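Okay everyone, thanks for coming. Let's take a look at this one together before I start talking.

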Amino acid sequence: MPRNIPLFIAFRLLFNARFYYPIFAVLQLDYGLTMAQFAILNAIWAVSIVLLEVPSGALADKLGRRPMIIIAAVLMILEMSLIAFVPFGNANLIFWVWVLNRILSGAAEASASGADEALAYDSLPEGKQEAQWPKVLARLMTLSSCTFVVAMLIGGAVYDHSFLNNLLGTNFAKETAIRFPIYLTLISALIALPISLLMKEPVTQSEDLASDSLWNSIHKTGGWIISTPIVFALILAALVHDTLVRLFLTMNSEYYRL
């Protein structure tokens, strides 16, 4: 089980290394979307995560955490492939491809959410988990910060076809260059998949699988959330907060054109 820890860190770094984040709004607008569609897509993404969080947790109880991490990697590959290879020119097609991308992205986030951390935590020696887990998180936070900054700088740089052509001595058209951050993120997803396959399920997981059926688990958890006002309110508040804040922050990336 010890190798699960570096694999967990590597997976989390690759899963979160989204090279298109600094130019997210610019990217969608250059794909031919409107600001209204951009706002709709943000809402779809947030709602997808919220709606799929409980089912993914129930699936993790039934299938194990490792399969959910693998599913997350596969979904990331699918979501990035859609927008990496969708042809330009048909605004309606591009919008619906982005809708599917946002749903798959939300599903990937929900699948990985908690599953990777739970698997890594249970992979630590029993009795030493409370002492060692903070060290693992500290290492992850440090590496994540560095990776995030590097990914954003590279993503913003390769998006500018003029800068890229001057740097490499090439002649990439703008329509080609704007896909480069997507291609880089797709490569990260392709590397994350074999890393997820190398993980091992801790033995304790197979012993602790819930006896309820999948749908009973989803129904019980969903019912508990709805019937518990403070939990339901927190989830709704997080949904609204994330959607609005993400919208305004990413809209500011329009200024990066200048």
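I'll go through confidence, then the core, then a few helices.

First, the ground rules: this is a predicted model, where local features need pLDDT of at least 70, side-chain atom pairs count only at pLDDT 80 or more, and totals for chains, interfaces and linings use all residues. Residues are numbered from 1 along each chain as its sequence is written, and side-chain values use heavy atoms, with hydrogens and water left out.

So, pLDDT is the predictor's confidence in each residue, from 0 to 100. The chain averages 84, and 85% of the residues score at least 70. Helices here are DSSP runs of H or I, at least four residues, numbered from the N terminus.

Now the core. A nonpolar core is a set of buried Ala, Val, Leu, Ile, Met, Phe, Trp, Tyr and Cys residues joined through side-chain atoms within 4.5 Å. Buried means under 20% relative accessible area, exposed over 50%, and partly exposed is in between, using a 1.4 Å probe and protein chains only. The largest core has 54 residues, and Phe8, Trp98 and Ile182 are among those with the most contacts inside it. Helices supplying at least two residues each include H1 (4–16), H5 (91–112) and H10. Which helix gives the largest share of this core? That's H4, with 10 residues. Back to Trp98: leaving out residues up to four places away in sequence, Trp98 touches Phe24, Leu27, Gln28, Tyr31, Leu33, Leu41 and Ile83.

Next up, H3. H3 has 29 residues and reaches 40 Å from its first C-alpha to its last, close to the 42 Å expected; that expected span is 1.5 Å times one less than the number of residues. H3 bends by about 40° at Glu53, with Pro55 following within four residues. The bend is the angle between axes fitted to the seven residues ending there and the seven starting there. Buried residues in H3 include Trp45, Ala46 and Ile49. Just after H3, Gly64 takes a positive phi of about 110°.

Last one: where is His241? His241 sits in H13 (residues 229–251), and is exposed, at 55% relative accessible area. His241 and Ala46 are 195 residues apart in sequence, but 10.0 Å apart in space, C-alpha to C-alpha.

Terms used:
Contact means heavy atoms within 4.5 Å.
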